Amino acid sequence: MNAMEDTSGRKDRRIPLVETGGLEVTYGTGREKVRAVRGVDLAIAPGEALGLVGESGCGKSSLGRALLRLEDPSSGEVLFEGSPVTGLRGAALKAFRRRAQIIFQDPFGSLNPRLKVGRAIEEVLHIHGLGADNPARRRRVRELLDDVGLEPAFADRYPHEFSGGQRQRICIARALALDPVFLVADEPVSALDVSVQANILDLLRRIRAERDIAMLFISHDLAVVRAVCERIAVMKDGEIVETGTADQVCDRPRHAYTKKLLSAVPDLAGIGEGA
Ligand SMILES: Nc1ncnc2c1ncn2[C@@H]1O[C@H](COP(=O)(O)OP(=O)(O)O)[C@@H](O)[C@H]1O
Ligand SMILES: [Mg+2]
């Protein structure tokens with residue numbers, strides 16, 4: 001039983017699932033030192049999609065990776081379900097890894113070219129001790145492929161046999177295999193053709209609605225973020241300069257930098273609006 005659920009099984013959205021306080025991520029030392037994340041305080045409720053937007057190099061990926069403990073903060077903290085992630089060891093760390101997943105921009109780089117995609121997903125299940133036996137795991141893989149809009153028979157194919165959009169669907173299926181409650185989507189459509197982007201955004205929206213997964217959705221593109229997220233944080237030079245509902249941030253931006261980002265979006269209404 002997880003601490004976020006009340007007796008009716010519903011998640012309590014008042015308690016943050018993920019929270020940071022004074023989070024700093026620094027690379028290098030001395031004159032080479034880069035302060036990628038500077039004193040970030042944010043909270044993501046269970047089931048909430050928070051968009052993180054800002055120009056390339058402003059620290060979005062560093063922040064996302066720190067939330068998943070793929071990067072150690074130089075100061076400040078990350079809480080997951082109320083506990084510091086830096087303190088996690090052994091079984092607790094493995095449980096955290098299962099509950100918090102990431103999908104990347106590059107669906108080409110994140111799949112092993114020598115593994116059939118079904119095997120790649122099966123491996124994840126196996127490592128985490130899920131599924132009673134191999135046939136059960138293979139059935140689960142086929143279900144997952146079906147869930148993300150792919151033919152179950154695709155399990156027997158290799159990554160090079162798929163398009164970019166299909167590969168991103170496979171990566172999403174692999175992330176969902178462990179039934180996460182939190183997903184960091186780091187520029188998940190930036191490497192895809194515009195025509196494919198809307199389909200993947202639709203898929204992410206549907207998954208959120210069906211599974212009630214909380215998401216940090218990272219993009220340099222405000223239109224993409226708005227298509228998926230109810231709340232948006234704007235990042236500049238390692239700091240969050242503005243946070244608000246998607247409508248507030250896009251229709252009534254307060255910060256000059258947000259206005260600048262908005263002016264760079266040619267057609268904010270166009271992308272990912274249903275269809
Ligand atoms: N592993 C690393 N080593 C050194 N500098 C890094 C590393 N990763 C990112 N940086 C630097 O940190 C800053 C933020 O990068 P990043 O988090 O990737 O930004 P974004 O995802 O917004 O493009 C950049 O100046 C980048 O060059
Ligand atoms: Mg990045």
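**Helices and sheet**

Mentor: In this predicted model, helix α1 (residues 60–67) lies across β3, β7 (182–186), β8, β9 (231–236) and β10. Helix α1 runs at about 160 degrees to β8.

Trainee: And which strands does helix α5 touch?

Mentor: Helix α5, residues 164–176, packs on the sheet and touches β6 and β7. The direction of α5 makes about 175 degrees with that of β6.

Trainee: What is the strand order in the six-stranded sheet?

Mentor: The order is β6-β7-β8-β3-β9-β10, in an open sheet with mixed pairing. At the edges are β6 (100–103) and β10 (239–245), each of which pairs on one side only. From one strand to the next, the twist averages 15 degrees.

Trainee: Do β3 and β8 run parallel or antiparallel?

Mentor: They run parallel: five bridges join β3 (residues 49–53) to β8 (residues 214–219). Within β8, S219 is the residue that V53 stands opposite.

Trainee: Changing topic, what is β1 joined to?

Mentor: Strand β1, residues 18–27, is joined by five bridges to β4, residues 75–80, and the two run antiparallel. E19 stands opposite L79 in β4.

Trainee: How many bridges join β4 to β5?

Mentor: Two bridges join β4 to β5 (residues 83–84), and these strands also run antiparallel. F80 stands opposite S83 in β5.

Trainee: What lies between β4 and β5 in the hairpin?

Mentor: Two residues lie between these strands. In that turn, E81 has a positive phi of about 50 degrees.

Terms used: Residues are numbered from 1 along each chain as its sequence is written. Chains are lettered from A and ligands numbered from 1 in the order in which they are written. This is a predicted model: local features need pLDDT of at least 70, side-chain atom pairs count only at pLDDT 80 or more; totals for chains, interfaces and linings use all residues. Side-chain values use heavy atoms; hydrogens and water are left out. Two strands pair if DSSP finds at least two bridges between them. Helices (H or I, at least four residues) and strands (E, at least two) are DSSP runs, numbered from the N terminus. Axes are lines fitted to C-alpha atoms, for helices over the stretch in contact, and angles run from 0 to 180 degrees between N-to-C directions. Contact means heavy atoms within 4.5 Å.
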